[in-house]
Amino acid sequence: MTAPYVSLTGMSKSFVGVKVLKDVSFDVRPGEVHALLGENGAGKSTLIKMMAGLYTPDAGTIVVDGKEMKFASTRDATAAGIATVYQELLLFPEMTVAENVFLGHYPRTALGIIDWPEVRARTRQLLDQLDTFDLDVDTKVLSLSVAQRQRVEIAKALSKNARVLIMDEPTASLVEADVQRLMAVVRQLRERGVAIVYVSHRMSEIFALADRVTVLRDGAHVGTRDIGEVDERELVSMMVGRPIDSLFPKAEAAIGETVLEVKNLNHGRHVRDISFALRKGEILGIAGLVGSGRTELALTLFGMTPATSGEILLDGKPVRIASPRQARDLGIAYVPEDRGLQGLVKSMAIRKNVSMASIEGVSSGIFIKAGAEAQRALDAVKRLGVRCRSIAQPVGELSGGNQQKVVIAKWLQTNPKVLILDEPTRGVDVGAKAEIHTIMGELVKQGVAILMISSELPEVLGMSDRLLVMNGGRVTGVLDRAEATPERVGAAMTRLETGEAA
Amino acid sequence: MAMTGIDLPPVRPRTGLQRPGALRRLVSDYGQELVVLTAIVALFIVVTMVNPRFISTNNLTSIFAGNAYIAVAAIGMSMVIITGHIDVSVGALIGVLATISGTLAVAGYPVWVAWFAPVLVGMAINSVIGVLVAYARIPSIVVTLGALSILRGGLISVTGGTWISGLPPEFLIAQKRLLGLPVPIIAMVVLTILAALWMRYSAFGRSLYAIGGNPEAALATGIPTERRTVAVFAIHGAFAGLATILFATQLQVIQSTVPPNLELTVITASVIGGVSILGGTGTVIGSTLATILFATIGSALIFVNVSAYWLRAVIGLLILATVLADMLRRRGRA
């Protein structure tokens, strides 16, 4: 077994008196993928930021290649061969790929001016090593997709001769096909002897990629295991500190009559001739690649982009939905894909966010009944298990999972018949994710009809009673729970026209 | 208790959750307002120690009554800024409305017509601005910059810069007293309290904060953001009309110009009072207190024998300090 390239021992760190990391040890060897797991707030980011030289530890030692190091800045860490690809990519959109890759360490000619032919040639070489032959080094970064930008970031790291590559949730914003490609790149880097620290929430990737896995919880080291020694269930319970019964607790709910029926619905290029029915107590999953029209369909049903033609029937009666307000009044709720953008007013208190969609329900005349409003918010916070200091806390201070629960709480106040959940667990940690799935189960038991959009295949497969697959704005398949296998769904996601779809 | 729309068993019950205490809520909801109030009180104490005549009733009523119209205009302005917009034309609007009101009064119309005309015309003009902002989606700063030029230029062209004199005495409501207090002070206090209650406890007021905090989320929650935007501009126009009544009836004549930079003074009052220039937070109580603070500083400078020209510099420092504090607060919760 090779010796670790970087090893951290006894790392501790406090911020304003709060210990966020307690005596954590971690190491990574050349040619290994070491996954770092933990819920939000477990200390993963703090640990990798210390490795990257962004934070200085209060206690603990960093040994790189046998020598003890003190990183005063990210420059020191880079010099020691440690590079990081952050979740938010740090590229300059107005510059070309080549300009970005060598930014800060451009090769120079004998005269001391930047050697552009060399910059472009070496960028080409780095991209080719990543099997990214399709990316032009002279394209501006702003025209690239997220996946392409990520590869530019990786090339940038390699251009600095990184021996250790830290990847912080690299697949969080990628679609499935790009995830596969990224995983191929990671494997290739491992074969070339790069040591990789891989932070991710997604179990399937960890089992596909990692050699070892380290779990953190509440700033403490829970354990480090070889990947062969553990299974998914064990990892999850290490992360949340309690056993989780089932990853996708599909609640058995009685499925009733049709609540929502859509016939030949159209809006622009992304919602084309869509028909389906949703029944009481049912979870209908919508699968499809990004750009397949999933979110656009939700926005049309919710009145954000009203349908240009087609019919929507609610409880058998035709309705016209021209605004979110009308949709709300008809009993349709929409938990949006991007909760920061469309779901929450982050500067506002939890109490005010919870009542926002149902303000008439806590008002008499034109005035809000403060007591009733607070009581509802308190009840909702307790029922959904929102972890917060008080209901007066601004929503922006909560973690992703808790923010998502506030959005769900807001819509439950309106007593919806149809609940549309768009990526309900994106950016949410494992514990909160299971809780949101449990909430979904409880809701369908009470007769709510749920339309769930998710990019995460195991989630759609695990939670849905039926599955609607979309591509190019059209329905390309309708599958029952029993017949929905990853292969069939994947085939339908890339199919162009409706085949045997019902 | 089945208060929630849909019942759910607790996922992981949390104990110890409750509404925070009254004092903590006061400090967290009215932080900036308390700061401004403290500054006013401190200023009074210091200046009175230097020159005891400062605290005389005459001085106080003249400070407050003369500036009340700014506070009233700042109520509407605060609502507009809370909603995430701005209006740089309010000074010019008040000038136009004052001329309309004075002309009607001199022409022999009943005084109530002369009083109500500016309110109605203010609402009408600002509704047009609101429609352009909400439906044509032109940024409010651009629309109101245009309105500023049109109103100011139009006023000078139409009046030729002449003053209106010969106003009937019963028209001059700002010179009257009610229960021994000047009418402008009563109007300022009553309008501030009513507007504050309405902003804090009405669904309409709440929706303005939501729109200013995150317009997309407000729309996606079923708040009719466009209608609300037009409405808030119209209400702001009504407050500009009320401010006009107090402004135009102070003296025996109405000038065809308003104090220079009146719109900036009004915006400054909102900002120093704690209304975030980025929208979503602040109260009308803050803007009224800030108006009182400026007036007090202006008068205090005279009483301690400092050139009143320093007033602008002091207010400038206050603006920067307030906006800096706002940015730091926002960074803390980002």
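This is a predicted model: local features need pLDDT of at least 70, side-chain atom pairs count only at pLDDT 80 or more; totals for chains, interfaces and linings use all residues.
Trainee: What makes Ile450(A) buried?

Mentor: Count the neighbours. A residue is buried if 20 or more other C-beta atoms lie within 10 Å of its own. Ile450(A) has 25 other C-beta atoms within 10 Å, so Ile450(A) is buried.

Trainee: Where does Ile450(A) lie, and which residues does Ile450(A) touch?

Mentor: Ile450(A) lies in strand β20 (residues 449–453) of chain A. Leaving out residues up to four places away in sequence, Ile450(A) touches Ile283(A), Leu419(A), Leu421(A), Met440(A), Leu443(A) and Val444(A).

Trainee: Why is Ile164(B) called partly exposed?

Mentor: Buried needs 20 or more, exposed needs 12 or fewer, and partly exposed is in between. Ile164(B) has 19 C-beta neighbours inside 10 Å, so Ile164(B) counts as partly exposed. Ile164(B) is in the loop between α6 (140–159) and β1 (177–178) of chain B.

Trainee: How do you know which residues Ile164(B) touches?

Mentor: The test for contact is C-beta atoms within 7 Å. Beyond four places in sequence, Ile164(B) touches Thr99(B), Gly102(B), Thr103(B), Val106(B), Val253(B) and Ile254(B). Take Thr99(B): 65 residues separate Thr99(B) from Ile164(B) in sequence, and 7.6 Å separate them in space, C-alpha to C-alpha. That distance runs between C-alpha atoms, while contact is judged on C-beta atoms.

Trainee: What makes Leu179(B) exposed?

Mentor: Exposed means 12 or fewer. Leu179(B) has 5 other C-beta atoms within 10 Å, so Leu179(B) is exposed. Leu179(B) is in the loop between β1 and β2 (181–182) of chain B.

Trainee: What about the phi of Leu179(B)?

Mentor: Most residues other than glycine have a negative phi. Phi of Leu179(B) is near 50°, a positive value in a residue other than glycine. In chain A, Asp218(A) also has phi near 50°, positive and not in a glycine. Asp218(A) lies in the loop between β9 (212–217) and β10 (220–226) of chain A.

Trainee: Is Asp218(A) buried, exposed or partly exposed, and why?

Mentor: Asp218(A) has 15 C-beta neighbours inside 10 Å, so Asp218(A) counts as partly exposed.

Trainee: Why are α3(B) and α10(B) called roughly antiparallel?

Mentor: Look at the crossing angle. Angles over 145 degrees count as roughly antiparallel. The axes of α3(B) and helix α10 (residues 225–248) of chain B cross at roughly 175° and come within 8 Å. The two helices are therefore roughly antiparallel to each other.

Trainee: Which residues meet there, and of what class are they?

Mentor: From α3(B), they include Ala68(B), Val72(B) and Ala73(B). From α10(B), they include Phe239(B), Ala240(B) and Ala243(B). By class, the contact has 17 nonpolar, two polar and no charged residues.

Trainee: What makes a set of residues a nonpolar core?

Mentor: The largest nonpolar core here has 173 residues. Among those with the most contacts inside this core are Ile450(A), Ala68(B) and Ile94(B). Helix α3 (residues 57–82) of chain B gives the largest share of this core, 15 residues. Domain 2 (247–331 + 416–502) and domain 3 (343–413) of chain A each give at least three residues to this core. Another core lies apart from it, with 68 residues, among them Leu8(A) and Phe71(A).

Trainee: How do you know that helix α8 of chain B is largely enclosed?

Mentor: Nine of the 11 residues of helix α8 (residues 203–213) of chain B are buried, so this helix is largely enclosed by the rest of the structure. The buried residues include Arg206(B), Leu208(B) and Tyr209(B). The partners come from two chains: α12 (350–355) and β18 of chain A, and α3, α7 (183–201), α9 (215–220) and α10 of chain B.

Trainee: How many residues does each chain give to the contact between chain A and chain B?

Mentor: Chain A gives 52 residues and chain B gives 38 residues. On the side of chain A, α13(A) supplies the largest share, 10 residues. By class, that side has 26 nonpolar, 13 polar and 13 charged residues.

Key: Residues are numbered from 1 along each chain as its sequence is written. Chains are lettered from A and ligands numbered from 1 in the order in which they are written. Helices (H or I, at least four residues) and strands (E, at least two) are DSSP runs, numbered from the N terminus. Ala, Val, Leu, Ile, Met, Phe, Trp, Tyr, Cys and Pro count as nonpolar, Asp, Glu, Lys and Arg as charged, and the others, Gly among them, as polar. A nonpolar core is a set of buried Ala, Val, Leu, Ile, Met, Phe, Trp, Tyr and Cys residues joined through C-beta atoms within 7 Å. Domain bounds come from an automatic or database domain assignment. Axes are lines fitted to C-alpha atoms, for helices over the stretch in contact, and angles run from 0 to 180 degrees between N-to-C directions. Angles under 35 degrees count as roughly parallel, over 145 as roughly antiparallel, 65 to 115 as roughly perpendicular and the rest as oblique.
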